[in-house]
Amino acid sequence: QVQLVESGGGLVQPGGSLRLSCAASGIFFDRYDMSWYRQAPGKERESVATITRNGNTNYADSVKGRCTISRDNTKRSMYLEMNSLKPEDTAVYHCHAHLWSGSREYDHWGQGTQVTVSS
């Protein structure tokens, strides 16, 4: 059974920092491209950052320079270090695993962790 479990969310003041974690089980983690998505109330889900299985990274313009995505294949885990947080970063953050294998696509999502940025 595939599981992606996020942790590390919480309430933080503007300008603060958080480190989100995603622990994976039931998949060959090192074969997957991993991403963080977020969804704020009343808004569509958006991509925050991606780290490929080769370690290449990509960030949304809204978080570039403030966030760092990383992964530890030995721990089957992915992380998102978020700094200089803003109220507009408030959202549920989801972990996503994606893989193309042959002609088959594999897509897995975590339940999410709430990040609230407020004074």
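Predicted model: local features only at pLDDT ≥ 70, side-chain atom pairs only at ≥ 80, totals over all residues.
I take a contact to mean heavy atoms within 4.5 Å of each other.

**Entry 1: the overall plan**

I began with the elements. The chain has 11 strands and zero helices. Reading from the N terminus, I wrote the order down as β-β-β-β-β-β-β-β-β-β-β.

Next I asked what radius of gyration the chain has, and what a compact globule would have. For 119 residues, a compact globule would come out near 14 Å, and the chain has 14 Å, so the two agree. I also looked up the spans of the C-alpha trace along its principal axes, which are about 45 × 25 × 25 Å.

**Entry 2: surface, burial and charges**

I found that 41% of the 119 residues count as buried. The accessible surface of the chain is about 6,600 Å², and carbon and sulfur atoms hold 43% of that.

Then I turned to the charges. There are 13 positive and 12 negative ones, and their mean positions lie 4 Å apart.

I also checked how far along the sequence the contacts reach. Among contacts with a separation of 6 or more, 55% join residues 24 or more positions apart.

**Entry 3: the core**

A general point to keep in mind here: nonpolar side chains tend to be buried together in soluble globular proteins.

How many residues does the largest nonpolar core have? I found 31, and those with the most contacts inside this core are Met34, Trp36, Met78, Leu80, Met82 and Tyr93. At least two core residues come from each of these strands: S3 (18-25), S4 (33-39), S5 (46-51), S7, S8, S9 and S11 (113-117). Strand S9 gives the largest share, five residues.

**Entry 4: Cys22**

I placed Cys22 in strand S3. Is Cys22 buried or exposed? Its relative accessible area is 0%, and a residue under 20% counts as buried, so Cys22 is buried.

Apart from residues up to four places away in sequence, Cys22 touches Leu4, Val5, Glu6, Met34, Trp36, Arg76, Ser77, Met78 and Cys95.

Most residues other than glycine have a negative phi.

Arg76 has a positive phi of about 50° and is not a glycine. I found Arg76 in the loop between strand S7 (67-72) and strand S8 (77-82). With a relative accessible area of 37%, Arg76 is partly exposed.

Ser84, also not a glycine, has a positive phi near 50°. Its loop runs between S8 and strand S9 (91-101). Ser84 is partly exposed too, with a relative accessible area of 41%.

**Entry 5: the loop between S5 and S6**

Now back to Asn56. This residue lies in the loop between S5 and S6, and it is partly exposed, with a relative accessible area of 49%. Asn56 and Ser70 are 14 residues apart along the chain, and I noted 9.6 Å between their C-alpha atoms.

Thr52 is placed in the loop between S5 and strand S6 (57-59). Which residues does Thr52 touch, not counting those up to four places away in sequence? I found Tyr32, Asp33 and Arg71. From Thr52 to Met82 the sequence gap is 30 residues, and their C-alpha atoms are separated by 19 Å.

**Entry 6: Gly110**

My last stop was Gly110, in the loop between strand S10 (104-109) and S11. Its relative accessible area is 8%, which means Gly110 is buried. Beyond residues up to four places away in sequence, Gly110 touches Leu4, Glu6, His94 and Cys95. Gly110 and Asn58 are 52 residues apart in sequence, and I noted 20 Å from C-alpha to C-alpha.

Methods:
Residues numbered from 1 in each chain as written. Heavy atoms only, no water. Helix = DSSP H or I, 4+ residues; strand = E, 2+ residues; numbered from the N terminus. Buried < 20%, exposed > 50% of the residue type's maximum accessible area, 1.4 Å probe, protein only. Rg over C-alpha atoms; globule rule 2.2 N^0.38 Å. Areas by Shrake-Rupley, 256 points an atom, 1.4 Å probe, with all protein chains shown as cover. Lys, Arg positive; Asp, Glu negative; His and termini not counted. Charge placed at Lys NZ, Arg CZ, Asp CG, Glu CD. Core = buried A, V, L, I, M, F, W, Y, C linked by side-chain atoms within 4.5 Å.
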